[in-house]
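Have the model open beside you as you read.

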Amino acid sequence: MIGIETLDEFVIRKQDELPYAKGELSRLLRDIGLAAKIVNREVNKAGLVDILGTTGAINVQGEEVKKLDVYANKRFIAALKLGGECCGIASEENKDFIVIHDEISKNARYVVALDPLDGSSNIDVNVSVGTIFSIYRRASSGGTCILEDFLQKGSQQAAAGYIVYGSSTMLVYTTGHGVNGFTLDPSIGEFCLSHPNMQIPKAGKIYSINQGNFISFPEGVKEYIRYCKQEDKTTNRPYSLRYIGSMVADIHRNLISGGIFIYPATKDAPRGKLRLLYECNPMSFIVEQAGGRATDGFKRILDIEPKELHQRTPIFIGSEEMVLKAEEFMSDYPSA
Ligand code: P6P
């Protein structure tokens, strides 16, 4: 097709920008693209097949496991195993990391942290959900992967991306050289470049937060919400509250239109709800690469030293000026 560049063509064209294991990372990204197409097929017909609802199981997060969570997890793990470029996977759905060490992956140099289906509680009500992935070069040399391969700071990511299964299905990723978005064209079964060099607006009019938790928010967050709701034409306030309950969809909208997404510490989630390795780090890498900002209200997300696989962190992420403003309020109440 004239003027259409597929994900595979783009990854190969851009691989010379990569400083390390160019071909391997390119193939890994294409393996993820394949799994995304397979999961998309099931997400799009979830109401027609017996894949809605829960499995009756509870995952390591203490959350109900949806049938589509299990399906998506299996598909991405299978694609990464078959691809041979990945020696380990840390998934939201698995308590421990998965070691991949067989004939085709014995020299694999990458590990992947994965949220196979984020926001899955929205599936049954036909609201956008997503997949989030984070790719690191393994820190250990040879043999099977170890925990330390996964406990690397977000600033060490080799690549990160997400798939949003929405009104259209998009794959957005970065390797540290800008952010590019690809829209799935079902007529040819390919992700096609549709959003080259994505840049998040420096400011916006949208704030995304679950205000139902207001009473247990830190005082700085309460003050920032009051700021968002004040009337001041010179700063385009009051802002609009938009909250889908699906991190990928909320951040994707803000990446395009401008805005801030906040999941702070709450009474029920004193260290925040969202996971560092496979939600906050990859989304922060992408937003920073698009010219935005991502912190825990005080410290850059990508500088946090991970201590455990499923650790959580508060997150303030989006348009730079909006995150900086929220941080001003947080610094007024450092411990509250
Ligand atoms: P709450 C979905 O379960 C998720 O992990 C994110 O996708 C989403 O932003 C957040 O949790 C929603 O959490 O507590 O507002 O329902």
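The ligand sits in the largest pocket. A pocket here is an open set of points on a 1 Å grid over the protein atoms alone, with protein on both sides within 12 Å along at least five of seven lines, and a molecule sits in it if more than half of its atoms lie within 2 Å of its grid points. This is a predicted model, where local features need pLDDT of at least 70, side-chain atom pairs count only at pLDDT 80 or more, and totals for chains, interfaces and linings use all residues. Residues are numbered from 1 along each chain as its sequence is written, and side-chain values use heavy atoms, leaving out hydrogens and water.

Around the ligand are 13 residues (a heavy atom within 4 Å), and Asn 210, Tyr 243 and Met 247 are among the closest. By class, this shell has five nonpolar, four polar and four charged residues.

| Residue | Distance to a ligand oxygen |
|---|---|
| Asp 118 | 2.7 Å |
| Tyr 263 | 2.6 Å |
| Lys 273 | 2.9 Å |

The protein buries 81% of the 400 Å² that the ligand exposes when taken alone (Shrake-Rupley method, 1.4 Å probe).

Key
Polar contact = N/O pair within 3.5 Å; in protein donor to acceptor, adjacent residues only side chain to side chain. 1 Å grid on protein atoms, 1.4 Å probe; cavity = no way out; pocket = protein on both sides within 12 Å on 5 of 7 lines; lining within 4 Å. Nonpolar A, V, L, I, M, F, W, Y, C, P; charged D, E, K, R; others polar.
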